[in-house]
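Hello,

Here is the structure we talked about. Please have a look, then read on for what turned up.

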Amino acid sequence: LEYETLDATHLRDLIEFGRSKGVPNLWYGTVEEMPTSLTSQRWGLIYLHHVFEHLQSPSKSLQSLSRLLAPGGRILTIVPDVTRIDQFTNPNGDALKFFHVAHKFNYTVPCLEVVGHAVGLAAAPATPPPELTTAWSEMPELWMEFRRPNGELPTPRLLRGAGERALNYLLNTERRHLAGFHVLPSTAIES
């Protein structure tokens, strides 16, 4: 949404290809730049696959997107899961391979719950169908659903020391990787 691509021509070609296949509501730009033909409608599902971690202002974008939801609608966001990088063959415990400059933020479930709560949305982890495989299936993904709450918005439960535990997990994972301990394909968790 707020992430610039190096090759806008390629993106325009992809949008035209999608439209030629019968998907009319494709566009490129920020939420604020959405065509009126799209912002005047309300949507049952807004799907962000490996987009949220690239946003400059995730809470601002989430708030803007929430205004486009139909009653009962939801925003499904899928981001890299920083809490399980030692359990998949990709990145195979290599934290430096997992983090890169294009990711402005890295997320955990509690972090996304706080972002949702800040804009008045309930957030809950979602589980992908087990038969679903994508190019990202061999890496840890975190699926989160945001929706308007039915009733009172629950306050996220942040555990004391959660940030420190996450940092220690990443440091230990990288140490194990550098020492040669890798995830064997037979022990890897399937997403």
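This is a predicted model: local features need pLDDT of at least 70, side-chain atom pairs count only at pLDDT 80 or more; totals for chains, interfaces and linings use all residues.

First a definition: two strands count as paired if DSSP finds at least two bridges between them.

Strand β1 covers residues 43-49, and strand β2 covers residues 69-80. The two pair in the parallel sense, over six bridges. Between the two strands, the chain passes through helix α3, residues 58-66. This β-α-β crossover is right-handed.

**L69**

L69 belongs to strand β2. Is L69 buried or exposed? Its relative accessible area is 4%. The cut-off for buried is under 20%, so L69 counts as buried.

What does L69 touch, once neighbours within four places in sequence are left aside? Its contacts are R42, W43, I46, R74, I75 and R148. Of these, W43 and I46 fall within the residue range of β1. R74 and I75 fall within the range of β2 itself.

L69 and R147 are 78 residues apart in sequence. In space, their C-alpha atoms are 8.4 Å apart.

**H50**

H50 sits in the loop between β1 and α3. Its phi is positive, about 55°, although H50 is not a glycine. H50 has a relative accessible area of 13%.

**The whole chain**

How many helices and strands does the protein chain have? There are six helices and four strands. From the N terminus on, the order is α-α-β-α-β-α-α-β-β-α.

The C-alpha atoms fill a box of roughly 55 × 45 × 30 Å along the principal axes. The chain has 191 residues, and 37% of them count as buried. Take the contacts with a separation of 6 or more: 78% of them come from residues 24 or more positions apart.

The accessible surface comes to about 11,600 Å². Carbon and sulfur atoms hold 57% of that surface. On charge, the chain carries 17 positive and 20 negative side chains. The centres of the two sets lie 5 Å apart.

If you open the model, start with L69 in β2. Then step to H50, in the loop between β1 and α3.

Best wishes

Notes: Residues are numbered from 1 along each chain as its sequence is written. Side-chain values use heavy atoms; hydrogens and water are left out. A crossover is right-handed if, with the strands pointing away from the viewer, the path from the first strand over the helix to the second runs clockwise. Buried means under 20% relative accessible area, exposed over 50%, partly exposed in between (1.4 Å probe, protein chains only). Contact means heavy atoms within 4.5 Å. Accessible areas come from the Shrake-Rupley method with a 1.4 Å probe; for residues, only the protein chains shown count as cover. Lys and Arg count as positive and Asp and Glu as negative; His and the chain ends are not counted. The place of a charge is taken as NZ of Lys, CZ of Arg, CG of Asp or CD of Glu.
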